[in-house]
Amino acid sequence: MSLTDVWRAARPPVAGLHLDSAACSRQSYTAMEAAARHACHEAEVGGYVAAEAASPVIDAGRAAFAAMTGMAAADVVFTTGSRHALDLLLSRWPAAGRTLACLPGEYGPNLAVMAARGFVRRMLPVDATGRLVLDEAAAALAADPPDLVHLTPVGSHRGLVQPLAGMARICAEAGVPLVVDAAQALGQIDCAVGGPAVHAVYSSSRKWLAGPRGVGALAVRPELSDRMQPGPEAGDVNVAAQVGFSAALGEYLAAGPADVRAGLAEVGSLSRRALAGLPGWRVVEPVDEPSAITTLTPIDGADPVAVRSGLIVEHRIVTTAAGVERAPLELTAPVLRISPHVDTTAEDLAVFARALAAVTAID
């Protein structure tokens, strides 16, 4: 069976067409059953006994996350998601050094966390497309290094892939810690390319890894964690979600990370080819950008929010309407985003193109 067939067979049949993996992928039977079994075990023996019994599964999940990010399993903790991970990290950052460099396309909620934790923000240099300009970044960091660089290799509002390995080299040369938001990147691109220059990396479960909602992971190298301020002990945790996340990580690794990444890049290219020249819309990403995210900018006044609603109600097709709040320093108007996973076919994309044309005409 092809990867497309394997991925699709591992999940319940979709009720329509799901093109929204960058928001929340469809879980597999295996991940759902693993979480359900743990919940049942909690009812049988109590939550704390069940959690202890699940520790080997949780440890395997930490090891899988570490392998995918180039970190050590001992440095991985589970969180409730990406925003929680960033807040946890920045809340414990040394008080004396709170200058941060990030991209103009930084995720809006991340910017809010940075501001709430007292960080002074600087912008990294980018070209006209929003891609990081490495030589200019190197010069900026050498001249006036910030206390950390926060890099989001794939953004929420656009499927542009940033040069993670190159930025890691620059940060290493400048002696600046690099923190990576891999919420959209993990599973789509290779996130284990930064080496020791990546001091921390975090991600959620529910996107390209196709795990449950309400769980994520954060890995922090000892050379950074040893400098962190102490924080409150972790509160109650959803162990069932962690078990489901661990199962999803295991499935992803079993499918072959390179194969899944290649499949996602291919479906992204297919999407852009299928939508090129569609009346009323402009495709933002280059055709061969190695990402499954395709962003559509309306050029004749269509409202992405209304279009998304019409696609759901009239065609049972799920997409994302991304408002300017997702990247308030870069986006100037809402866009429509599709993010198919590897089980999406060329026929599915043709169905979407026809539906989008119909809904746009109505709108």
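Modeller: Strands here are DSSP runs of E, at least two residues long, numbered from the N terminus. The model is predicted. With that rule, Lys207 falls in the loop between β7 (198-204) and β8 (216-220).

Colleague: What makes Lys207 worth a look in the UniProt record?

Modeller: UniProt, in an unreviewed entry, places the feature "modified residue: N6-(pyridoxal phosphate)lysine" at Lys207. Such annotations may be inferred rather than shown by experiment.

Colleague: Why is Lys207 called buried?

Modeller: Buried means under 20% relative accessible area. Lys207 has 10%, so the word applies.

Colleague: Which residues is Lys207 in contact with, leaving aside its neighbours within four places in sequence?

Modeller: Ser21, Ala22, Ala23, Ser25, Ala183 and Gln184. Contact requires heavy atoms within 4.5 Å.

Colleague: Ala192 also sits in a loop, the one between β6 and β7. Why is Ala192 called partly exposed?

Modeller: The label covers values between the buried limit of 20% and the exposed limit of 50%. Ala192 has a relative accessible area of 33%, so it is partly exposed.

Colleague: How far apart are Ala192 and Thr69, in sequence and in space?

Modeller: They are 123 residues apart in sequence but 4.3 Å apart in space, C-alpha to C-alpha. Beyond residues up to four places away in sequence, Ala192 touches Ala67, Met68, Thr69 and Gly70.

Colleague: Now the strands. How do you know that β6 and β7 pair?

Modeller: Pairing needs at least two bridges. Four bridges join β6 to β7, so they pair, and they run parallel. In one of these pairings, Leu178 has Val198 of β7 as its bridge partner.

Colleague: What is the pairing sense of β7 and β8?

Modeller: Antiparallel, over five bridges. Val201 stands opposite Ala219 in β8.

Colleague: What makes β7 mostly covered?

Modeller: Seven of its seven residues are buried.

Colleague: Which residues touch the most other members of the largest nonpolar core?

Modeller: Phe65, Val149, Met167 and Leu178, out of 57 residues. Helix α10 (residues 239-255) gives the largest share of this core, seven residues.

Colleague: Which residues does Met167 touch, not counting residues up to four places away in sequence?

Modeller: Leu124, Leu132, Leu134, Ala137, Leu141, Val149, Leu151 and Leu178. Met167 is one of the buried residues of helix α8 (residues 164-174), together with Leu164, Gly166, Ala168, Ile170 and Cys171.

Colleague: What do the buried residues of α8 pack against?

Modeller: They pack against α7 (134-143), β5 (148-151) and β6 (178-181). Just after α8, Gly175 takes a positive phi of about 70 degrees.

How values were computed:
Residues numbered from 1 in each chain as written. Predicted model: local features only at pLDDT ≥ 70, side-chain atom pairs only at ≥ 80, totals over all residues. Heavy atoms only, no water. Buried < 20%, exposed > 50% of the residue type's maximum accessible area, 1.4 Å probe, protein only. Core = buried A, V, L, I, M, F, W, Y, C linked by side-chain atoms within 4.5 Å.
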